[in-house]
Amino acid sequence: MNLQALEPKIESIIAQENLSVDERLLLICETLEDNVTYYNWVGFYFKNGDKNELKLGPYVGEPTDHTIIPFGKGICGQVAVSNENFVVPDVAAQDNYIACSITVKAEIVIPIFVNNENIGQIDIDSNTPDPFTDADEKFLEFVCKKVASILS
């Protein structure tokens, strides 16, 4: 799948102002999961008010118990603190990893910035070992910029 070919789909979802933000976020999750074979769980986490924790937003994939993640814990919690992309080719090699499913082999988390503040992230799990490339990172940064435009 050419990830860039999905960019117009993402832009068209973002532009659907008749839908709520959460509805659009869910459509983005569904579009990514449907079109990228190695995206097996796709979801958004957002800063939970003034608390130093993330709260699960719209997602597709296996249900997760991780609806609240403290800053610093797991890959998502680390991105909330570092403000940097985090690509994990092999989750088994990560000490600070919170397992959502035994089938997950790799994870990528990209932060979402509004007014230079990290307000959330997109989190993608893959059941394929080491599937994420620079193209995934660039594409997901594009997705996060578009998402940020409807969150401000």
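Q: What is a nonpolar core, and how many residues does the largest one have here?
A: A nonpolar core is a set of buried Ala, Val, Leu, Ile, Met, Phe, Trp, Tyr and Cys residues joined through side-chain atoms within 4.5 Å. This model is a predicted one. L32, Y39 and I122 have the most contacts inside the largest core. Its residue count is 33.

Q: Which element supplies the largest share of this core?
A: Several elements supply at least two residues each, namely α1, α2, β1, β5, β6 and α4. The largest share is 7 residues, and the supplier is α4.

Q: Which elements do the buried residues of α4 pack against?
A: Start with who is buried in α4: the list is D136, F139, L140, F142, V143, C144, V147 and A148. Two of these, F139 and L140, are touched by L32. As a set, the buried residues of α4 pack against α1, α2, β1, β5 and β6.

Q: Which residue caps the N-terminal end of α4?
A: Look for a side-chain oxygen that lies 3.1 Å from the backbone nitrogen of A135. That oxygen belongs to the capping residue, T133.

Q: Why do Y38 and F132 count as edge-to-face, and what is the angle between their planes?
A: Y38 sits in the loop between α2 and β1, while F132 is in the loop between β6 and α4, 94 residues apart. Both are buried. Their ring centres are 6.1 Å apart, and rings pair if their centres lie within 6.5 Å. Planes over 60 degrees apart count as edge-to-face, so this pair qualifies with its angle of 65°.

Technical notes
Residues numbered from 1 in each chain as written. Predicted model: local features only at pLDDT ≥ 70, side-chain atom pairs only at ≥ 80, totals over all residues. Heavy atoms only, no water. Buried < 20%, exposed > 50% of the residue type's maximum accessible area, 1.4 Å probe, protein only. Helix = DSSP H or I, 4+ residues; strand = E, 2+ residues; numbered from the N terminus. Contact = heavy atoms within 4.5 Å. Polar contact = N/O pair within 3.5 Å; in protein donor to acceptor, adjacent residues only side chain to side chain. Phe/Tyr/Trp six-rings, centres within 6.5 Å; stacked < 30°, edge-to-face > 60°. Lists of a residue's contacts leave out its neighbours within four places in sequence.
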